[in-house]
Amino acid sequence: MRFTVADLTKYTVQIGDVAGDWARKGYVGADVLLTDAKGDIYELSGAKVTARIIGAGANESAAMPLAARGIILRSDNSVDYKYRFIAEYPQVAYDIEKIEITATAWVMGPDGSLREEKVSKTVAKAESAPVTQAAWLGVDRRKDLRTADGTLRETRAVWIHSYYIRWWLSAAKAKLTVEKIADMGGNVMYPNVFQGHAYIKSEFIPSFASVSKDVDTFDVLIKEAHARGMEVHPVVGCMEGGLKSAGKDSLLGLHPEWIVRDQDDKPISEGVSYISDVHRPEFRAYLIRFIADVAKRCPVDGIHLDYNRTMQFCRCQKCRDEYRAKYGGDLQKDASAQK
């Protein structure tokens, strides 16, 4: 393993923590660490690591390679990303008494020579408490989701893309969506409410005919989520103008003058959607009106703005004329020079 920031004039390689659940069918894990001349510690994710689980009898052992896993460990005050080695092993007929870890790492020092470093560590069951695999991998989630003042201890957000999860079709689908996210352990929901079409009731943004008009499915979604302690942060795809095939059922179908266009005045699209021209003040006012209406009318916990970028240069005649009047330059020529 070669580092560009470690001081390798002097270093040590060692096995750090060794973990297991000590079950007859379970897992074994380990850290492999390098400490450099400054005392800084690095994880050797490229090491070759092998484990042996050992019982009391002469023939009671099994060996297996361990694979590196990138994990996120959380505490009350910090989030730490690190690499840990882990392997699951098949059912054995004996009680495990010891875990032996062997690791080989390759370190290139400042002289350019590559050194092979081998280290090992053995841990006995009597001196190592069982650790669940979920805890070792950082996926053992805490049950107390909020502090005493109601603040979320950690965010486990699920993005609900309306192209794939159609919660907006009925109250039953909205309730089922919340139920499934609760089963996943989520505590924050990001439902798409605008992608050139509104997926909620709106008096001035076009929505699909399949969006329920008799029951406010977004209201159902919010109430069901709040009842389970989840926050709801609707997602607004700012510059998304709607599917090209949607016609007047999309924002840019209703206002084609807001479509980003090339120098020949032909619409520019992003995938299957047209793009809104953020330069148009009328479009910006329209979008802000929609966002303000969601914030005022719906008891949401926040609003997430997606696609909040220009995405493409608009080179239509109107934009070229405005650019020349304001800056005295040629928009097509100046934009091309930016590539």
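Select Ala172 and Asp183 to start. Both are exposed residues on the face of helix 2 turned away from its buried side. Exposed means over 50% relative accessible area, buried under 20%, and partly exposed in between, with a 1.4 Å probe and protein chains only. The model is predicted: local features need pLDDT of at least 70, side-chain atom pairs count only at pLDDT 80 or more, and totals for chains, interfaces and linings use all residues. Residues are numbered from 1 along each chain as its sequence is written, and side-chain values use heavy atoms, with hydrogens and water left out.

**Helix 2**

Now show the rest of helix 2. Helices (H or I, at least four residues) and strands (E, at least two) are DSSP runs, numbered from the N terminus. Helix 2 has 13 residues and reaches 19 Å from its first C-alpha to its last. That is close to the 18 Å expected at 1.5 Å a residue; the expected span is 1.5 Å times one less than the number of residues.

Which residues of helix 2 are buried? Select Ala174, Thr177, Val178 and Ile181. They cover an arc of only 95° around the axis, which puts them on the same side of helix 2. The arc is that of the directions from the helix axis to the C-beta atoms. An α-helix has 3.6 residues a turn, so residues three or four places apart point the same way.

The buried residues of helix 2 pack against strand 9, strand 10 and helix 3. Zoom in on Thr177, at 10% relative accessibility. Leaving aside neighbours within four places in sequence, Thr177 is in contact (heavy atoms within 4.5 Å) with Ile160, Ile165, Trp167 and Leu221. Then step past the helix to Gly185, which follows helix 2 and has a positive phi, near 85°.

**Strands 9 and 10**

Select strands 9 and 10 next. They pair in the parallel sense over four bridges; two strands pair if DSSP finds at least two bridges between them. Ala157 has Val188 of strand 10 as its bridge partner. Strand 10 is mostly covered: seven of its seven residues are buried.

**Aromatic pairs**

Switch to the rings. The whole structure holds nine aromatic pairs. Rings of Phe, Tyr and Trp (its six-membered ring) pair if their centres lie within 6.5 Å; planes under 30 degrees apart count as stacked, over 60 as edge-to-face and the rest as tilted.

Pick Trp159 and Tyr190. This pair is edge-to-face, 5.9 Å centre to centre, with 70° between the planes. Trp159 lies in strand 9 and Tyr190 in strand 10, so the pair ties together parts that are 31 residues apart in sequence. Trp159 is partly exposed, at 36% relative accessibility.

Move to Trp167 and Phe218. Their pair is tilted: 5.8 Å centre to centre, 45° between the planes. Trp167 lies in the loop between strand 9 and helix 2, and Phe218 in helix 3, so this pair ties together parts 51 residues apart in sequence. Buried or exposed: which are Trp167 and Phe218? Both are buried.

Next, select Phe204, Trp258, Phe283 and Tyr286, a cluster linked by ring pairs.

Finish at the open sheet with strand order 13-15-14 and antiparallel pairing. Strands 13 and 14 stand at the edges, each with a single partner strand, so one side of each is left without a neighbour in the sheet. Strand 13 pairs with strand 15 over two bridges.
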